Amino acid sequence: MTTIAEFITARLDEDEQIASAVIERAWTDTDDGVSNDGTRTNNVCWIPDSAQTWPIGEHIARHDPSRALADVAAKRRTLARHTGEGHQCVKEIVGYSVQAWYDEDDPCPDLRDLAAPYAELPGYKDEWRP
Ligand SMILES: [Zn+2]
């Protein structure tokens, strides 16, 4: 059975692999798309220029491969803080003055949040929803 940490790791591996395959230069928003060198010749996508579409290019450029890789690295650090040896996240039980530990049957909110963006992909379990 796949744990939530294994699921997150596999998705981050995929994100990293995809971003690494296309990282060359920073992407920029141009008049008619997103370019990886600021020219129309090397547009990574074409976007019709209109009032409805102008934020699309800006959004795509803002989430270029270097940002995707930085995002993966940050999420890996967060994941490591929650899965390393000696770490256990404490949960407060509402109404009681006791503490309990999150575990695989009840993953901590940080792991649930890391997995949530991948909820539409195979392998995600509904019981992980934040
Ligand atoms: Zn945790």
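Reply: Helices are DSSP runs of H or I with at least four residues, and strands are runs of E with at least two, numbered from the N terminus. In this predicted model, the secondary structure of the protein chain comes to four helices and five strands. Along the sequence these elements follow the pattern α-β-β-β-α-α-β-β-α.

Me: Why is α1 called roughly antiparallel to α3?

Reply: The axes of α1 (residues 4–22) and α3 (residues 65–83) cross at roughly 160° and come within 9 Å. Angles over 145 degrees count as roughly antiparallel, and α1 is therefore roughly antiparallel to α3. The crossing of α1 past α3 is left-handed.

Me: Which residues make the contact of α1 with α3?

Reply: From α1 the contact is made by A5, I8, T9, L12, D15, E16, A19, S20 and V22. From α3 it is made by P65, A68, L69, V72, K75, R76, L79 and T83. These residues divide into ten nonpolar, three polar and four charged.

Me: Why does R11 count as partly exposed?

Reply: A residue is buried if 20 or more other C-beta atoms lie within 10 Å, exposed if there are 12 or fewer, and partly exposed in between. R11 has 19 C-beta neighbours inside 10 Å, so R11 counts as partly exposed. R11 is placed in helix α1. Not counting residues up to four places away in sequence, R11 touches Y118 and L121. The C-alpha atoms of R11 and V72 are 9.4 Å apart, although the two residues are 61 apart in sequence.

Me: How do you know that W54 is partly exposed?

Reply: W54 has 14 C-beta neighbours inside 10 Å, and therefore counts as partly exposed. Its place is in helix α2 (residues 54–62).

Me: What makes up the largest nonpolar core?

Reply: A nonpolar core is a set of buried residues of the listed nonpolar kinds joined through C-beta atoms within 7 Å. The largest such core has six residues: I4, F7, I8, L111, L114 and A115. Two or more of its residues come from each of α1 and α4 (109–115). Leaving aside neighbours within four places in sequence, L114 is in contact with I8, K75, T78 and L79.

Me: What share of the protein chain is buried, and how many of its contacts join residues at least 24 apart?

Reply: Of the 130 residues in the protein chain, 13% are buried. Among contacts between residues at least 6 apart in sequence, 48% join residues at least 24 apart.

Note on methods. Residues are numbered from 1 along each chain as its sequence is written. This is a predicted model: local features need pLDDT of at least 70, side-chain atom pairs count only at pLDDT 80 or more; totals for chains, interfaces and linings use all residues. Axes are lines fitted to C-alpha atoms, for helices over the stretch in contact, and angles run from 0 to 180 degrees between N-to-C directions. Angles under 35 degrees count as roughly parallel, over 145 as roughly antiparallel, 65 to 115 as roughly perpendicular and the rest as oblique. A crossing is left-handed if the near helix is turned anticlockwise from the far one by less than a right angle, and right-handed if clockwise. Two residues are in contact if their C-beta atoms, placed from the backbone, lie within 7 Å. Ala, Val, Leu, Ile, Met, Phe, Trp, Tyr, Cys and Pro count as nonpolar, Asp, Glu, Lys and Arg as charged, and the others, Gly among them, as polar.
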